[in-house]
Amino acid sequence: MIIKPKVRGFVCVTAHPEGCAAHVQEWIQHVKSQGPIQGGPKKVLVIGSSTGYGLASRISAAFGSGAATIGIFFERPSEEGRPATPGWYNSIAFTRAARAAGLYARNFMGDAFTNEMKQQVVAAIKADLGQVDLVVYSLAAPRRTHPVTGVVHKSCLKPVGTAYTNKTVDTDKGIVSEVTIDPANDTDVADTIAVMGGEDWELWIKALREAGVLAPGAQSVAYSYIGPEVTWAIYKNGTIGLAKNDLERAARAIDAQLKPSGGRAFISVNKALVTQASSAIPVVPLYISILYKIMKAAGTHEGCIEQIYRLFATQMYNGHTPKFDESGRVRVDDWEMRPEIQAAVVKIWPAVTTENLPALTDIAGYREEFLKLFGFGLNGVNYDAETEPHLPME
Ligand code: NAD
């Protein structure tokens with residue numbers, strides 16, 4: 001099959017197996033080029049390990065610290081005439097590379113929100129690793145079936161209180177327009193908290209602790225975002241922000257459970273980056289396009305792998321302990337939030353139009369990175385050649 005990108009709005013419905021493998025290799029090479037993480041994690045569970053920040057966490061642990069990794073993800077395999085989702089190919093590429101380097105890697109494809117998945121993973125840890133010393137919680141999911149009630153909760157990205165109007169960009173067509181998003185109702189808020197809040201993270205830690213598979217001193221981290229004022233109505237103060245507040249609540253509760261054995265749990269606030277999750281949020285892609293332009297010019301631009309390697313190497317391991325902000329969070333969004341970077345965003349924001357989008361923003365860089373998520377635009381990959389889309393999970 002010859003596979004080309006097919007972009008539909010904010011998703012690409014195709015993915016390139018060799019391109020995804022090349023992307024994974026780029027991330028592995030980045031970690032290797034940075035050198036080993038002293039005192040790093042050795043046995044790691046990553047929940048949401050196939051793309052974005054979770055994949056970066058798995059790669060940093062494996063190739064920065066020689067860790068055995070168990071990865072959980074929800075991806076779609078290939079079908080007749082249709083390639084698999086990128087996380088499917090990423091996970092195969094990661095697993096092959098890890099095993100070739102002599103590292104244990106095991107995958108669980110399915111719904112992380114279920115009790116069954118928790119029990120399967122606990123059994124695998126017991127059988128293969130004994131215990132884990134790091135649990136990364138990096139899910140970005142559209143829905144969750146509650147394991148007790150059976151109710152299906154759907155998360156949404158809406159403002160809370162009043163409608164919100166701001167600029168947004170159709171990243172595919174390059175059109176800047178105004179978007180108005182109606183406010184969430186109480187059900188929207190509760191549903192988004194049920195999906196993207198901290199309850200499931202707590203259930204994971206409970207299952208792992210009760211089974212005795214958390215090593216003494218084990219750490220757990222989940223990821224959040226705060227961002228600039230221009231996106232607060234849709235992010236920080238919106239439905240997703242309320243869910244992230246609940247994730248912070250869970251971090252404190254889990255931290256209290258892990259502390260007695262010398263461990264900790266915390267939230268790392270990460271930088272805004274192009275991922276499948278962030279491209280679906282209105283307004284945010286325009287902000288990211290402006291941010292990339294400014295941070296690249298300042299020489300401080302980072303991707304997922306740079307962010308997570310920095311988190312591990314300067315906050316969690318290498319003789320470091322986390323430097324918490326006033327709310328107990330680690331901030332690897334610090335370079336994004338520097339006053340001079342944000343001042344430059346604020347200056348550009350009102351001036352952006354469809355006409356000047358390529359000049360005032362890094363929309364080209366945004367698109368390039370977006371396509372890379374699906375394995376397109378990687379050096380050394382022949383996109384005109386036939387490729388095998390049907391790859392079994394490792
Ligand atoms: P992503 O879409 O790239 O990855 C999500 C992962 O979750 C994938 O591995 C996917 O397979 C997995 N997943 C989804 N539903 C699942 C389910 N039911 N069962 C098992 N696995 C499932 O997302 P991302 O942007 O890397 O986001 C990860 C975390 O980082 C989120 O908490 C997000 O809020 C946070 N974050 C993202 C950004 C950003 O700009 N992208 C910034 C800061 C923080």
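# A tour of rings and ligand

Eight aromatic pairs are found in this structure, which is a predicted model.

**Stop 1: a stacked pair.** Select Tyr137 and Trp201. Their rings form a stacked aromatic pair, 6.1 Å centre to centre, with 20 degrees between the planes. The pair counts as stacked because planes under 30 degrees apart are given that name. Now colour the elements that carry the two rings. Tyr137 belongs to strand E6 (residues 132–137) and Trp201 to helix H6 (residues 199–210).

**Stop 2: a tilted pair.** Next, select Phe376 and Tyr383. The ring centres lie 5.9 Å apart and the planes stand at 40 degrees, so this pair is tilted. Phe376 and Tyr383 are both buried.

**Stop 3: charges over rings.** Move to Lys236 and Trp232. The charged end of Lys236 sits over the ring of Trp232, 4.1 Å from the ring centre. Then pick Arg310 and Trp335. Here the charged end of Arg310 sits over the Trp335 ring, 3.7 Å from its centre.

Stop 4: How many residues surround the ligand? There are 29, and the closest are Ser50, Tyr53, Ala112, Lys244 and Thr275. Sort the shell by class: 14 residues are nonpolar, eleven are polar and four are charged. Now highlight helix H2 (52–65) and strand E11 (214–224). Each of these elements supplies at least two residues of the shell.

**Stop 5: oxygen atoms and the backbone.** Stay on the ligand and show backbone atoms. Start with Tyr53, one of the closest residues. A polar backbone atom of Tyr53 is 2.8 Å from an oxygen atom of the ligand. Go on to Phe74. One of its backbone N or O atoms lies 3.1 Å from a ligand oxygen. Finish with Leu273, where a polar backbone atom is 2.8 Å from an oxygen atom of the ligand.

How much of the ligand does the protein bury? Taken alone, the ligand exposes 840 Å², and the protein buries 93% of that.

Technical notes:
Residues are numbered from 1 along each chain as its sequence is written. This is a predicted model: local features need pLDDT of at least 70, side-chain atom pairs count only at pLDDT 80 or more; totals for chains, interfaces and linings use all residues. Side-chain values use heavy atoms; hydrogens and water are left out. Rings of Phe, Tyr and Trp (its six-membered ring) pair if their centres lie within 6.5 Å; planes under 30 degrees apart count as stacked, over 60 as edge-to-face and the rest as tilted. Helices (H or I, at least four residues) and strands (E, at least two) are DSSP runs, numbered from the N terminus. Buried means under 20% relative accessible area, exposed over 50%, partly exposed in between (1.4 Å probe, protein chains only). A charge sits over a ring if NZ of Lys or CZ of Arg is within 6 Å of the ring centre and within 35 degrees of the ring normal. A residue is near a molecule or strand if one of its heavy atoms lies within 4 Å of it. A polar contact is a pair of N or O atoms within 3.5 Å; within protein, one must be able to donate a hydrogen and the other to accept it, and residues adjacent in sequence count only if both atoms are side-chain atoms. Accessible areas come from the Shrake-Rupley method with a 1.4 Å probe; for residues, only the protein chains shown count as cover. Ala, Val, Leu, Ile, Met, Phe, Trp, Tyr, Cys and Pro count as nonpolar, Asp, Glu, Lys and Arg as charged, and the others, Gly among them, as polar.
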